[in-house]
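The sequence and structure are shown first.

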Amino acid sequence: MPATKMVGLVELLIAAAVSTATAQKEAPQAVLPALLPDFCCAALSRALPWSRLLFPHHTAFETRHSSYFNVNQQTINPSCIVQPRDHGEVALAVAALTSTSKFKPCKFAIRSGGHGTYAGASNIDAGVVLDLKNLNTVKYDARNNLVDVGPGATWNDVYTTLEPLGIMIAGGRSSLVGVGGLTLGGGISYFSPEHGFVCDNVVEFSLVLASGRFAFASKTSNPDLFMALKGGGNNFGVVISFAFRAFKYSGMWGGLVVYPETTMHDQFKALVNFANKIEKNPKGAAIVMSVYQSTVGVPLVSNAYDYAEPVSRPAAYDEFFAIPGVIADTTGIRNMSSIAQEWEGVTTHSVFFGTLTFANDLRVMKQAHEIFKDVLSHLKTKATGDWGIYTIYQPIPPAYWKDSEARGGNVLGFERFNNQALCLYLPYISWQGAEQDALFQASGAELIKRIRKYAESIGADNPFLYLNYADKTQDPLATYGAANVERIRAVAKKYDPHEFLQNLVPGGFKIANVS
Ligand SMILES: *[C@@H]1O[C@H](CO)[C@@H](O)[C@H](O)[C@H]1NC(C)=O
């Protein structure tokens, strides 16, 4: 216990009550009904300085709680939030939460950016939120060309720190997303055509295991854990730092271009061809989005073009540029931070994310759009207020996984698909009002179900489900292939033999739930 710990009256009373409870003489509630917080929060208050804990109805608690991306995560009520300030404090917090489990299981959620999309991904009712917000280091070391990043850093923290140094790492596309969650789920970057998935750019992970002990994972140290962490989510421990390989950076070109919905088929054609040529143009990334916002009232297409060099209107996008009718265009020579800020989501709406992968096949995209129009017309008759849908199509070409194995492997399982370019589909739906949850969630599920059925009917389906986009009802780990499922299971068992993460941390996607 830190010697500098401030001993306030309330804390003293809590400590007294907890020791009483631990000695099993008297239930804590009987001692101090009004002052005593939840048992697990009290256990944390003995392990860490009091200032690391936030309780409901306090301003700092409410501010942090209302910063979850999905409003439906904001309506979950944890007993307290614990915010360790360094690696040692994470270890103390984890040990405090797991060591009491015989006496009373302390359920907790692990939060980095809080962008996990479903309610309960990184928040928990009547439990503890282990909030890694203060582990937000971004430090470049020129000697080994690595960037040390804390899980609580946002991608905005990363980019704004590295840009002035002329250095970059392959990271996420939205500024507010946290490094921890995105990286452990695989992670897609504008730099992926050249540098691969975000997780494959990690050279070393530092973790606190469920026991409270430190562990390191790299190609040479705990290589089984190293591989499983890349795509396996929060099944193994609490990652406290990532060492990312860095590369030189001198700016980029990119932004959003908006077109009328009537150009949809041309957009899909351009996207299919773009994906098939990424090997020849490894600097270029493109995303096609079919968009409807109730406040706008007309369907639109919004494309993201992002080129990893400061080159204006690169030839890789010629087929897109040839599509007439541009309504708005924010592309230009810009920085990664500015491009990521353009994708900064609001935190005022309920959100549905769900995912599907299919072949890079024009027929599926066209049919997916017909299904979207059908679902949209239904929603227009039922939904109220400010709502919107982005249906997002992004290429996953073989270039993204070409270096995975050489870098120590991941558990995503793309090697199974040989050299087939794929398309990742995401309906990102947002609305307000809990009474509309069922309507919008059902619409998202319907899009996925009907598109999958069509893809299967023409043999253009693919089993992969991307963890970072998966809905709670989906089972992404199960789609990595049988060998990877067994690998994740074995590694989880080896590094967390008491299965604390499976039993105490319900958020995320758990290997114990995969049959
Ligand atoms: C990108 O960021 C760097 C460092 O902050 C700055 O010097 C440069 O002007 C920025 N470039 C653009 C195009 O905004």
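Two strands are said to pair if DSSP finds at least two bridges between them. In this predicted model, strand β2 (residues 80–82) meets that condition with strand β4 (residues 128–131), since three bridges join the two, which run parallel. Within this pair, Ile 81 stands opposite Val 129 in β4.

Both strands belong to an open sheet of four strands with mixed pairing, ordered β1-β2-β4-β3. The edges are held by β1 (53–54) and β3 (108–111); each has a single partner strand, so one side of each is left without a neighbour in the sheet.

A further open sheet has five strands in the order β5-β6-β10-β8-β9, with antiparallel pairing. Here β5 (138–141) and β9 (214–218) stand at the edges, and because each has a single partner strand, one side of each lacks a neighbour in the sheet. On average, neighbouring strands of this sheet are turned by 20 degrees against each other, direction ignored. Strands β6 and β10 pair in the antiparallel sense over four bridges, and Asp 148 stands opposite Ala 243 in β10.

| Helix | Strands touched or crossed | Direction |
|---|---|---|
| α6 (residues 87–99) | β8 (202–208), β9 and β10 | about 145 degrees with β10 |

The UniProt record, an unreviewed entry, places the feature "domain: FAD-binding PCMH-type" at residues 74–249. Over this range the chain is 22% helix and 24% strand, and the end C-alpha atoms lie 37 Å apart.

Beyond residues up to four places away in sequence, Phe 205 touches Leu 184, Ala 215, Phe 216, Ala 217, Phe 226, Leu 229, Lys 230, Val 239, Ser 241 and Phe 242.

Leaving aside residues up to four places away in sequence, Ser 302 touches Leu 256, Val 257, Val 258, Ile 287, Val 288, Met 289 and Val 291.

Definitions and conventions
Residues are numbered from 1 along each chain as its sequence is written. This is a predicted model: local features need pLDDT of at least 70, side-chain atom pairs count only at pLDDT 80 or more; totals for chains, interfaces and linings use all residues. Side-chain values use heavy atoms; hydrogens and water are left out. Contact means heavy atoms within 4.5 Å. Axes are lines fitted to C-alpha atoms, for helices over the stretch in contact, and angles run from 0 to 180 degrees between N-to-C directions. UniProt positions are given in the numbering used here, feature names are shortened, and annotations may be inferred rather than shown by experiment.
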